[in-house]
Amino acid sequence: MLRYFLRRTLIAIPTLFALITISFFMIHACPGGPFDGNRKATPEVMANLNRAYHLDEPVYQQFGRYVWGVLHLDFGPSFKYRDYTVSELLLLGFPISLEIGLWAILIATALGMAVGTVAALKQNSAIDYAVMSFGMTGVAVPTFITSPVLQLAIGDGLRWLPVAGWDGGWQHKILPILALSLPPVAVISRLTRGSMIESLRSNHVRTARAKGLGMPLTVLRHALLGGLLPTLAYLGPAIAGIVTGSVVIERTFSIPGIGRYFVEAATNRDYTLVMGSVIVYGTLIIIANLVVDLAYSLVDPKVRYD
Amino acid sequence: MTDPFAGTLSAAAPDAVEPARSNVREGLARLRRNRLAVAGIFVFGFMALACAVGPELVPFDPETQDYGAISNAPSLTGGHLFGTDDLGRDLLVRLLLGGRTSLAIGILAALFAVVIGTGYGAVAGFFGGAVDQMMMRAIDVLYGLPFLFFIIMLTLLLGRGVLVILLAIGGVIWLTIAVIVRGQTLSLKRKDFIEAARAGGMRPLGIVRHHIVPNTFGAVIVYASLLVPEVIINESFLSYLGLGVQEPASSWGALIDAGTAAMDTQPYQLLFPAGALALTLFSLNFIADGLRDALDPKDR
């Protein structure tokens, strides 16, 4: 177990380094530069700008400088937002993205497992079919369709909630969190249904029932743990999905998180901001996968690592 | 690998592929009994056919603007069955043409991913040892990376265009196929017919190509069918972000993006492309589910 933990942690380091290296050279290889949009700068001004941001150095030297900075938690100045460093921008946006993401994961897990369990208990009933077809919707319909449709129906049509925007109040959070959690709710309910059906048929559950334990307690104490495993394994990919989903959500709902930075910064060639957001997202995904795998090995004694 | 029998026999066991084929035939019979999957095949077939021949049948040009019909609502009598966009272009023909792009990218990028993934997985599994270790550690590293960011950066790097999107998406989503094919290869390579081929002096890469790869097709078809909707989602997503298919060409994602901008006043501009995309993804997922039930030996 300890060896497995160490090995997984050690793999995270080259992964992160590969992420930084590949992204750095890719974004620097893209045609154009961060100052292309400037109005008629004279060659002298451009040369000064490039020197100030070290863009006149060879790329490998810039890379070394950048990695050195990252090791000291310095992500450099933003090229586009001239008054901010990348760290400041990320610190401003990250709590907002994190709040929405955490709520989405929480709701997806709780709702998905509850709905999936009910569907498994009432297998082949109307509830079951409703859950399954909803599950297919969540799998098949991407976030960039559900969020404008939600805006159209609930924000614009019924006028129950604001269409977009952000003032920190709960009204502005409901629709984006809902849109973000729909795909994982769908997948988790399908997964839970499948594994619960299997778990409910297993011998130890039948024994518990035979000894006179009521259905609710049997489910809670005996069946649920087995039904939980696929969901747990899915949480890693789910978190990655929520991370990419937040790029859409923050764009459609005009939320000032860090999801919107990535696309914007990549098209502006704001090198440091691209790298900053890639590193934050990459680290998040790597840590999430690590934690999920470790939790899985703790819950499922059948899983052995060497 | 030193092979004492190298050159003595060159013919490979010719009937090695037979059992796989009969498995597939059996699987297709099971698929035909799955009503949802059959419905999915019909819906998808209809969509594909409509996108393939539809644009030729609609009496409007996708790029010609009709200044007398700007943002017209859908109507059965006015000529524009699905209405027009804010530039006065017929939405039906743009929707069908966009579907052509989205479906073509979906199928071709999935094929591309299958080719890379199958080759990578089969080689890693067949050669084993240090080669396998290195190739699988590389996959571990790649798995940890945020896919979407790489697709976006690849499209920026290579320029915008259908081919670039295809290569960028296909070049990023082959990992799962590689892992599955490797697993299949590990069990296949202990089978007698592989031993026979080896004894017959076949070169390792030849064995991989003629014996390993054809026998992994069952599992590969299942996951490839899951890849097609995934690619379509990714392509639409890129186009939705403005990084994919560029005007005047269209794809469903680009149309959804334009429709989102106009949804306050002309919701149909959003609902038609969103509906077409959702319907296609639905049918593809039902087909994929059906194929998995029919072909995946694990679930029987």
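**Figure 1. Crossing of helices H4(A) and H7(A).** The axes of helix H4 (residues 86–121) and helix H7 (residues 171–200) of chain A come within 6 Å and cross at roughly 35 degrees. Axes are lines fitted to C-alpha atoms, for helices over the stretch in contact, and angles run from 0 to 180 degrees between N-to-C directions. Helices (H or I, at least four residues) and strands (E, at least two) are DSSP runs, numbered from the N terminus. The crossing of H4(A) and H7(A) is right-handed; this term applies if the near helix is turned clockwise from the far one by less than a right angle, and left-handed if anticlockwise. The residues of this contact comprise 20 nonpolar, seven polar and three charged. Here Ala, Val, Leu, Ile, Met, Phe, Trp, Tyr, Cys and Pro count as nonpolar, Asp, Glu, Lys and Arg as charged, and the others, Gly among them, as polar. The model is predicted: local features need pLDDT of at least 70, side-chain atom pairs count only at pLDDT 80 or more, and totals for chains, interfaces and linings use all residues. Residues are numbered from 1 along each chain as its sequence is written, while chains are lettered from A and ligands numbered from 1 in the order in which they are written.

**Figure 2. The loop residue Ser254(A).** Ser254(A) lies in the loop between helix H9 (215–252) and helix H10 (259–268) of chain A. Its phi is near 45 degrees, a positive value in a residue other than glycine. Ser254(A) counts as partly exposed because it has 13 C-beta neighbours inside 10 Å; a residue is buried if 20 or more other C-beta atoms, placed from the backbone, lie within 10 Å of its own, exposed if 12 or fewer, and partly exposed in between. Chain A has eleven helices and zero strands, and buried residues make up 39% of its 306 residues.

**Figure 3. The side of chain B that touches chain A.** In this interface, 29 residues of chain B are in contact with 34 residues of chain A, contact meaning that the C-beta atoms of two residues, placed from the backbone, lie within 7 Å. Helices H4 (129–143), H5 (147–158), H10 (217–240), H11 (252–261) and H12 (268–295) of chain B each supply at least two residues of this side. H12(B) gives the most, with seven residues. This side of chain B divides into 23 nonpolar, four polar and two charged residues.

**Figure 4. Packing of helices H7(B) and H10(B).** Helix H7 (residues 175–188) of chain B packs against H10(B) at an angle of about 165 degrees, with their axes 10 Å apart. H7(B) is therefore roughly antiparallel to H10(B), the term for angles over 145 degrees. Thr176(B), Ile177(B), Ile180(B), Val181(B) and Gln184(B) of H7(B) make the contact with Ala219(B), Val220(B) and Tyr223(B) of H10(B).

**Figure 5. Ala288(B) in helix H12.** Ala288(B) belongs to helix H12 of chain B and is buried, with 23 other C-beta atoms within 10 Å. Leaving aside neighbours within four places in sequence, Ala288(B) is in contact with Ser225(B) and Leu226(B).

**Figure 6. The largest nonpolar core and Ile256(B).** A nonpolar core is a set of buried Ala, Val, Leu, Ile, Met, Phe, Trp, Tyr and Cys residues joined through C-beta atoms within 7 Å. The largest has 144 residues, and Ile256(B) is one of those with the most contacts inside it. Helix H3 (residues 91–127) of chain B provides the largest share of this core, 17 residues. Not counting residues up to four places away in sequence, Ile256(B) touches residues including Phe144(A), Ile145(A) and Leu270(B).

How values were computed
Angles under 35 degrees count as roughly parallel, over 145 as roughly antiparallel, 65 to 115 as roughly perpendicular and the rest as oblique.
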